[in-house]
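Here is a short briefing on a metal site and a loop residue. Look at the sequence and structure first.

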Amino acid sequence: MSLPLTITFLGTGTSQGVPMVACGCSVCTSQDPRDKRTRSSIHVATPECAWVIDTGPEFRVQCLRERIDRVDAVVYTHSHTDHVMGFDDLRPFCASGRELPVYASPETMDDLIRIFNFAFGRTTHVPGYVIPQPHLIDGPFSLGGTLLTPLPLKHGRTRVNGYLFETADRKLAAYLSDCKEVPAAVIERIRGVEALIIDALRYTEHPTHLSVAEALEIAALVEPGNTWFTHICHDIGHAAGEAALPPATRIAYDGLKLEFS
Ligand SMILES: [Zn+2]
Ligand SMILES: [Zn+2]
Ligand SMILES: [Zn+2]
């Protein structure tokens with residue numbers, strides 16, 4: 001039996017966001033709301049459990065905009081600033097002294113503990129603070145009825161976890177937000193996924209992110225139901241960018257919801 005699951009894009013922008021500060025280019029000055037991209041993150045809701053993948057610098061604003069009232073766990077891809085700096089705004093989800101499970105690779109968890117030592121380093125908890133309950137990821141794990149499989153990706157010299165969300169009989173979505181390479185084993189694991197959400201930073205090549213052409217090559221191998229580009233910079237305008245893409249390939253935008261029923 002499949003469970004309903006909804007993915008909300010909290011942010012779809014690259015590390016500086018779009019518009020970029022002090023840029024007057026046509027995308028940064030666009031009136032299309034889909035060209036306003038906060039830092040990349042998703043919220044995933046199922047009947048039994050809701051979680052976020054990453055907490056970027058605009059996490060608080062994103063939660064207010066999307067009326068997020070439930071976060072039962074946090075899962076991190078990696079510790080770059082654009083993915084972790086909203087950590088302290090998890091405080092509302094630790095109301096009444098509730099511990100919040102935090103899932104990360106050992107190297108990402110080391111960084112979280114160092115950066116947010118005021119939360120991880122406490123032996124007694126202060127009311128109103130984030131109360132993290134660390135879980136080191138060493139393989140697939142379940143949140144409610146959804147299985148999350150970590151997908152190791154190369155993002156320059158940084159190792160990132162993408163994630164596959166599955167139920168017993170469906171590969172619902174794969175989230176590959178920051179990567180330059182997708183190993184063959186990952187492509188095999190996610191082949192035929194209903195929704196592939198993948199890094200497509202810009203048209204020209206970049207040392208640590210996939211370009212549009214590179215992301216299309218990966219998508220052709222994965223053969224998903226639909227492909228959604230994310231982690232996008234100001235080189236790509238939504239309307240013109242999407243019009244030039246192949247069928248079933250779209251550009252995600254802040255606030256977009258993907259519903260799996
Ligand atoms: Zn990033
Ligand atoms: Zn610009
Ligand atoms: Zn990164």
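**Loop residue and zinc site**

Val130 sits in the loop that joins helix 4 (117-120) to strand 6 (132-136). Helices (H or I, at least four residues) and strands (E, at least two) are DSSP runs, numbered from the N terminus. The model is predicted, with local features needing pLDDT of at least 70, side-chain atom pairs counting only at pLDDT 80 or more, and totals for chains, interfaces and linings using all residues. Residues are numbered from 1 along each chain as its sequence is written, chains are lettered from A and ligands numbered from 1 in the order written, and side-chain values use heavy atoms, without hydrogens and water.

**Val130**
- Val130 is buried, at 1% relative accessible area (buried is under 20%, exposed over 50%, partly exposed in between; 1.4 Å probe, protein chains only).
- Beyond four places in sequence, Val130 touches Phe87, Asp88, Leu90, Arg91, Cys94 and Ala119 (contact means heavy atoms within 4.5 Å).
- Leu100 is 30 residues away along the chain, with 7.6 Å between its C-alpha atom and that of Val130.

**Zinc ion (ligand 2)**
- Cys23 (SG), Cys25 (SG), Cys28 (SG) and His234 (ND1) are the protein donors, 2.1 to 2.3 Å from the zinc ion.
- Donors are N, O and S atoms within 2.8 Å of the metal (3.2 Å for Na, K and Ca); water is not among the atoms, so sites may look incomplete.
- The site is tetrahedral, with angles of 104 to 116° among the four donor atoms (for four donors, all angles must lie between 85 and 135 degrees).
- Cys25 is in the loop between strand 1 (5-11) and strand 2 (41-45), and His234 in the loop between strand 12 (226-230) and helix 7 (238-243), so the pair ties together parts 209 residues apart in sequence.
- Cys25 is partly exposed at 22% relative accessibility, whereas His234 is buried at 18%.

Definitions and conventions. Tetrahedral: all angles 85-135°; square planar, octahedral: opposite > 155°, others 65-115°.
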